[in-house]
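Here is a short report on one protein model. It covers a sheet, a helix and a pocket.

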Amino acid sequence: MKQRIQHLGNSLARRALKFSDRWAAQYWHFFPLGTTPQADKQTYLRLWEQEKESYYPEIDRFEKETEYTVDPLWFHDLALHTQIVIKNSPLCYQHGRILYTTLRHYLSLSDQNNRHLTIFETGTARGFSSVIMAKALTDANAYGKIITFDILPHNRPMYWNCIDDHDGSKTRADLLAPWREFVSPYILFFEGDSRINLNKVAADRINFAFLDGAHTYRDVLFEFQTIAKHQKKGDVIVFDDYNTVDFPGLVRAVDEGCERWGYDKKILSGGKDRSYVIATKRGK
Ligand SMILES: C[S@@+](CC[C@H](N)C(=O)[O-])C[C@H]1O[C@@H](n2cnc3c(N)ncnc32)[C@H](O)[C@@H]1O
């Protein structure tokens, strides 16, 4: 009896989530980030110049130790179009450097005969982090697929709250057109809620993941568990926003997941109350 009630409860919860997913899809298709540019071009450029001048000693050290650094000109150019937005919290896109360096390091340790990686990401947004991971694969002459999830659609024109809005509404595909050489061979964009869809995409092994979508305890733990089931010794998950003030649930989920599923945790500070975790799987 208890089992039947539990089963009914789970099935009702799943139906409610599916309904909200369908409803959300309608919402996210209709200019969810605004119907006009949110600032003039000069403002976006000024914010970009300011952020380019910022200094992140811990990440500089990490790059030095690991011996891989993303080309700064290429990096900041991508950031201008995909990271410089109008928001209340400070701008910071250092997760891009961490992803590049960590993925290059992972590839340097991997079997040279088996350099075909499967990478999962939650939280595509404008595509910054996916394109950086694709650049790391390209620079390392490696193969692979980056499957990235977001509730935001890929082929609907919209304003993205970025400098490109001054050219009119664009799809994400348009926005990323200058980086097509990285997008086309590597990235698969999946539109949908990761809480419903993440475990529907079957992969035998997930070598590397970046979890940057949902930020609550329950959701991060679910994503962590879904990925962890497909990882082996040395495989990696990178988490953004490891910050007890703004995201205490995310911090608890990362700590608990590392304990439960056997991951070593390296915490890197990006200043301005922003930290990142590189979780590396121990064991077999
Ligand atoms: C912080 S942004 C991601 C930034 C991106 N990784 C980058 O480097 O530019 C978070 C994104 O996650 C998406 N998101 C939040 N919750 C989600 C969920 N449950 N499923 C899919 N996408 C989600 C949001 O729409 C948003 O675009």
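Helices and strands here are DSSP runs, numbered from the N terminus; a helix has at least four residues and a strand at least two. The model is predicted.

**The pocket**

Start with the largest pocket. About 1,200 Å³ of space lies in it. Its lining counts 44 residues. Nearest the centre of the pocket are Ala125, Asp212, Gly213, His215 and Asp241. Of the lining, α1 supplies the largest share, 4 residues. Sorted by class, the lining holds 16 nonpolar, 15 polar and 13 charged residues.

**The strands**

Buried means under 20% relative accessible area.

The pairings are listed below.

| Strand pair | Sense | Bridges |
|---|---|---|
| β1 and β2 | parallel | 7 bridges |
| β1 and β4 (residues 208-211) | parallel | 4 bridges |
| β2 and β3 (residues 187-191) | parallel | 5 bridges |

Ile119 stands opposite Ile146 in β2. Glu121 stands opposite Thr148, again in β2. Toward β4, Phe120 is opposite Ala209. Asp150 has Glu191 of β3 as its bridge partner.

**The helix between**

What kind of unit do β1, α6 and β2 make? They form a β-α-β unit, and it is right-handed. The two strands of this unit, β1 and β2, pair in the parallel sense.

Helix α6 runs over residues 128-139 and has 12 residues. From first C-alpha to last it reaches 17 Å, close to the 16 Å expected at 1.5 Å a residue. Is this helix enclosed or open to the outside? Of the 12 residues of α6, 10 are buried, so the rest of the structure largely encloses it. The buried residues are Phe128, Ser129, Ser130, Val131, Ile132, Met133, Ala134, Lys135, Ala136 and Leu137. Lys135, a charged residue by class, is one of these buried residues. After α6 comes Asn141, with a positive phi near 55°.

**Putting it together**

Both α6 and β2 belong to the right-handed unit.

Terms used. Residues are numbered from 1 along each chain as its sequence is written. This is a predicted model: local features need pLDDT of at least 70, side-chain atom pairs count only at pLDDT 80 or more; totals for chains, interfaces and linings use all residues. Side-chain values use heavy atoms; hydrogens and water are left out. The expected span of a helix is 1.5 Å times one less than its number of residues. Buried means under 20% relative accessible area, exposed over 50%, partly exposed in between (1.4 Å probe, protein chains only). On a 1 Å grid over the protein atoms alone, a cavity is a set of points where a 1.4 Å probe fits but cannot get out, and a pocket is an open set with protein on both sides within 12 Å along at least five of seven lines; lining residues have an atom within 4 Å of a point. Grid points are joined across faces, edges and corners, and a volume is the space filled by probe spheres set on the points. Two strands pair if DSSP finds at least two bridges between them. A crossover is right-handed if, with the strands pointing away from the viewer, the path from the first strand over the helix to the second runs clockwise.
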